Amino acid sequence: MWLNHVVRRGLDRDPDALALRDARRDVSWRELHRDVRALACRLRHDTLPGSRVLVLSGNCVEVLETYFACAAAGLVAVPVNPALTDPEIGAIMESVEPSAAVAEAGFAARLGGLYPGLPVTDVATIPELPDEDAEFAGEPGSGMADPVLILHTSATTGRAKGVVVDQRSLQINALSWLADVRPAPGTAFLNAGPLFHGSVVIALDHLAAGGTVCVLDRFTPQGCLAALERWEVEHAFLVPSMVRLLLQTRSLAGTDLSRLRLLLHGAAPMPGELAREARERLGVELQTIFGITEGGGPVLTLRPGTAVGEPPVPGAVCVGVPMLGAGLRVTGEDGCEVPAGTIGELQVSGDGLMQTYWKNPEATDDVLRDGWLNTHDLGCVDAAGRVWVVDRRNDLILRGGQNVYPAEIEHVLRQSPDVADVVVVPLPSDLWGQTPVAFVQPVEADRFDETELLQLCVDGLAPYKRPTHFLPVERIPRNPAGKALRTRLRETAHQTLTADREHTA
Amino acid sequence: MTAVRSLDAVRTLIKGSLDHPALLDRLGGDDDFAQAGIGSGELIRIALSLEEELGRPLEDEELLGLTSVRAVAALIGAGED
């Protein structure tokens, strides 16, 4: 429905205009329409409607084509981070039970080992698939309430959670993006983040607006600057760590960014000094996006040039107002809404919310109730109606814009026979925002082996989830109910490692 | 710079960009960084250190070639020629 409509509209309006581009290909709306139709036909041969299609690939235009093709064929795309280890990917496959996969050729053998017999289409061959227009004519694709994507996030329970996204969510998000970001038709947008991440909906929003989505194959600050210049990018979405890296590379001095007008940022708080430096040195306006994958992507925004005044509490970050179609309330301990100025949990509503976590009703009930999604962020609304984020209520670690739950890391470290107890907490990082630190209680004092712990993490976790430090403790501090005293450990990590840095500097 | 000095210097430089410098001790000169568990964020930091070492931005091809200790050493050698 919606994604089909986006492609059809682009085809009807200006078939030769550029819809997608990456370092290898420019794709017009006519070519996008052809590729989507061809891949949809191919996938239909291997699957039944509603089946899941695993997508395992680095960034390229064909990944976006695959999402459109799944929607056209009534299938559900399940993008997976290729940096995940085999056990991590295997757990996702066991959960979603894919009927087919679209993957880079180099990953075909990996998938074959994890899920024998799974038909795999090489993502690079999509432009060469036969066009079967007649066979596919009149197919309705998936409906507005049908799932079209399952996006996996880190989990509070040690296993990744699949956020089920339907076409209505993508539609409302695209319309709110038009209202609150206002890209003009033809606007060149740079997608610098991974296409398996929840921020991919922003690329789909720009396509819905008739823009051109430029896909960066992998982020490096040098490559990102080159892409911004070469493709004359006007809008880009970056996480704060990426912005900091752009400002650190020597490539910046020789890059022409005169076409870049708007830098959208989100996924982690943007420090004020970084925002000021980015405005000055990149010569752009900044727009804050507060999004959550479970909320369908962006839900709050702070438009450029909005004066917000002093934060209501030190360290609070203003994330603006609800975008079109989104609702917001702040609730207290009793679950009731609290007045302006009072800090509580931020909850969002609207047609963009996820349907459910895939096969996980308990986790769904934990965050989604009566049409309201609990973001687990703590914040308040000021007298002018603007939303401020103060802190997080749960244990989520935000590393370079990617979510990492301590439970996933703790689960892996507990596999060591030398580990009696373990707790992972965030440590502030100038570059990444936060990094994980593991406090480890060994079964005996002389059995703390950092090398073994590191190897367990290398084997079982994607690199961005790996703790930056392992700290031995005699005993993990817990309250009488057995709950780890995480706040105390966060403070200990901060004091210990800050002192350590000063000592070794 | 001799090859041995170059590799030693490169290893020191790379270790400064890693969360766990011990990870590098297990790697031979030609072992692939990614296969050994060095992440993309660490590779970016290695590249920024190299820019400082060379006093110039790195080209795309150079960035793609940062896959092993020996590859980094070759780049530093090239920068001093």
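Biologist: What makes A:Ala105, A:Ala109 and A:Gly113 of helix α5(A) count as exposed?

Modeller: This is a predicted model. A:Ala105, A:Ala109 and A:Gly113 are classed as exposed, on the face of α5(A) turned away from its buried side.

Biologist: Which residues of α5(A) are buried?

Modeller: A:Phe107, A:Leu111 and A:Leu114. Buried takes 20 or more other C-beta atoms within 10 Å.

Biologist: How do you know that the buried residues of α5(A) line one face?

Modeller: Seen down the axis, they fall within an arc of 60°, so they line one face of the helix. The general rule: an α-helix has 3.6 residues a turn, so residues three or four places apart point the same way.

Biologist: What covers the buried residues of α5(A)?

Modeller: The cover includes β3, α4, β5 and β6 of chain A.

Biologist: Why is helix α13 of chain A called largely enclosed?

Modeller: Six of its eight residues are buried, so the rest of the structure largely encloses α13. Among those buried are A:Pro406, A:Ile409 and A:Leu413. The cover includes strands β21, β22, β23 and β24, along with helix α14, of chain A.

Biologist: What makes α3(B) stand out on the side of chain B that touches chain A?

Modeller: Contact means C-beta atoms within 7 Å. By that cut-off, chain B gives 17 residues and chain A gives 21. α3(B) gives the most to chain B's side, with six residues. That side divides into eight nonpolar, five polar and four charged residues.

Definitions and conventions: Residues numbered from 1 in each chain as written. Chains lettered and ligands numbered in written order. Predicted model: local features only at pLDDT ≥ 70, side-chain atom pairs only at ≥ 80, totals over all residues. Buried ≥ 20, exposed ≤ 12 C-beta atoms within 10 Å, placed from the backbone. Helix = DSSP H or I, 4+ residues; strand = E, 2+ residues; numbered from the N terminus. Contact = placed C-beta atoms within 7 Å. Nonpolar A, V, L, I, M, F, W, Y, C, P; charged D, E, K, R; others polar. Arc of directions from axis to C-beta.
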